[in-house]
Amino acid sequence: MIKKKMRAAVFEGNGVLNIKEVDTPVVEKGTDVLVKVEMCSICGTDVHIMAVPPGYIAEPGTILGHELVGKVVAVGSEVKSLRVGDRVVTNPNDYCGVCAYCQKNLPNLCENIIPMGIGANGGFAEYVKVSEKVAHKISHDVPPEIAAFAEPLACAVHASSRIPVNPADSVLVFGAGPIGLLFVQLMKARGANPIIVSEPTPLRREFALKCGADYVIDPLHEDLPAFVAAKTRIGVDFAIDVVGSQIWEGVKAVRKGGSVLLFGFNAKAKPVVEQHQITNREVSVIGTWLANDAFPKAVKILENGILDLRFLITHTLPLEKTKEAIEILRKGEGVKIMIDLSL
Ligand SMILES: [Zn+2]
Ligand SMILES: [Zn+2]
């Protein structure tokens with residue numbers, strides 16, 4: 001029985017988020033899938049959207065939330081891969097499938113992306129409507145709070161596929177928020193050593209160590225280049241910027257021929273880079289965006305328990321506390337925060 005009205009956290013612009021009764025979405029198109037949300041986690045993007053002025057622009061009137069797991073409760077007439085009762089995680093970046101990028105099998109770079117929880121209604125709600133091609137089946141055996149990691153994990157897995165980290169390669173990670181911590185675990189799983197994490201927040205440095213970092217450093221009070229030189233002499237093989245402004249620190253930290261992977265996104269940051277250091281040290285600087293085809297891999301990692309994710313969850317709160325949850329994350333007092341729609 002699908003209710004006609006549902007509770008949802010609606011972004012109203014300028015840092016305002018209200019819990020409202022709104023119409024429950026209904027299946028209209030043949031490819032529509034209606035999902036009853038079990039769990040939806042707070043993302044750094046939500047924190048940026050809610051900042052004043054915003055660090056990431058979302059459409060006022062939109063229900064936020066894009067990291068969700070839920071159960072299929074209705075499907076359109078053309079849906080073939082899913083049926084009512086299936087459990088799904090969703091790629092929030094619905095792609096058109098026909099533009100020049102989609103035809104190059106780069107749906108993460110689609111020219112017509114519709115981003116859930118930013119420009120289309122998202123998962124801080126009892127129900128959300130998605131299209132079949134972005135809904136990925138996941139086992140009922142995966143606890144909801146673990147399944148909700150699928151989206152951030154898929155982004156980190158796609159990003160990781162862009163750097164060939166091998167056993168005993170050294171890696172420096174800038175930023176130990178939820179994504180940085182996923183990178184630490186993924187790099188650990190690849191056998192990287194040492195893994196160095198640069199993070200100003202003490203709580204997050206502690207989590208980085210629990211995730212398998214060999215060393216953590218506070219970049220505000222310690223000398224990162226000297227530390228990297230002491231541990232690796234020539235510099236790290238790979239640096240991963242999860243902050244969105246650390247390109248120059250990354251270029252300086254890698255050895256000749258090393259690579260800097262840019263994951264974090266900060267539209268306001270305009271870092272100054274000495275380009276010649278990239279040129280004559282043969283440094284590779286690589287961007288990465290969204291998840292591309294990594295969702296099935298993320299689902300497999302979650303179903304098989306390859307990473308240890310449960311301890312990253314510091315808070316589980318009801319929908320009514322979504323704004324407070326975003327605030328906790330903004331203050332760096334939480335790591336992964338789940339909004340539990342059953343509460
Ligand atoms: Zn996210
Ligand atoms: Zn497209």
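Q: Leaving aside its neighbours within four places in sequence, which residues is Thr 62 in contact with?
A: Contact means that heavy atoms lie within 4.5 Å. This is a predicted model, where local features need pLDDT of at least 70, side-chain atom pairs count only at pLDDT 80 or more, and totals for chains, interfaces and linings use all residues. Residues are numbered from 1 along each chain as its sequence is written, chains are lettered from A and ligands numbered from 1 in the order in which they are written, and side-chain values use heavy atoms, with hydrogens and water left out. With that settled, the contacts of Thr 62 are Ala 9, Val 10, Phe 11, Gly 117, Ile 118, Gly 119, Ala 120 and Asn 121.

Q: Is Thr 62 buried or exposed?
A: Find Thr 62 in strand β4, residues 62–63; helices (H or I, at least four residues) and strands (E, at least two) are DSSP runs, numbered from the N terminus. Buried means under 20% relative accessible area, exposed over 50%, and partly exposed in between, using a 1.4 Å probe and protein chains only. The relative accessible area of Thr 62 is 4%, so this residue is buried.

Q: Which residue has its backbone oxygen beside a polar atom of the Thr 62 side chain?
A: A polar contact is a pair of N or O atoms within 3.5 Å; within protein, one must be able to donate a hydrogen and the other to accept it, and residues adjacent in sequence count only if both atoms are side-chain atoms. Here the separation is 2.7 Å, and the backbone oxygen belongs to Glu 59.

Q: Which strand gives the most to the lining of the second largest pocket?
A: On a 1 Å grid over the protein atoms alone, a pocket is an open set of points with protein on both sides within 12 Å along at least five of seven lines, a cavity is a set where a 1.4 Å probe fits but cannot get out, and lining residues have an atom within 4 Å of a point. The second largest pocket has 25 lining residues, and those nearest its centre are Asp 94, Ile 114, Ala 120, Lys 129 and Val 130. Strands β1 (5–11), β2 (17–23) and β9 (127–131) each supply at least two lining residues. With three residues, the top contributor is β9.

Q: What is the volume of the second largest pocket?
A: Grid points are joined across faces, edges and corners, and a volume is the space filled by probe spheres set on the points. For the second largest pocket this comes to about 450 Å³.

Q: How many residues of the lining of the largest cavity are charged?
A: Ala, Val, Leu, Ile, Met, Phe, Trp, Tyr, Cys and Pro count as nonpolar, Asp, Glu, Lys and Arg as charged, and the others, Gly among them, as polar. The largest cavity, with about 40 Å³ of space, is lined by Asn 91, Asn 93, Tyr 95, Pro 107, Asn 108, Leu 290, Ala 291 and Asn 292. Four of these are nonpolar and four polar, which leaves the number of charged residues at no charged.

Q: Why do the buried residues of α7 line one face of the helix, and within what arc do they fall?
A: In helix α7 (residues 224–232), the buried residues are Leu 224, Phe 227, Val 228 and Thr 232. They line one face because, seen down the helix axis, they fall within a limited arc, taken from the directions from the axis to the C-beta atoms; its value is 105 degrees.

Q: Which residue caps the N-terminal end of α7?
A: At the other end, α7 is followed by Arg 233, whose phi is positive, near 60 degrees. At the N-terminal end, a side-chain oxygen lies 3.3 Å from the backbone nitrogen of Ala 226, and the capping residue is Asp 223.

Q: Is Glu 282 buried or exposed?
A: Glu 282 lies in the loop between α9 (275–279) and β16 (284–287), and has a positive phi near 50 degrees. Its relative accessibility is 63%, so Glu 282 counts as exposed.
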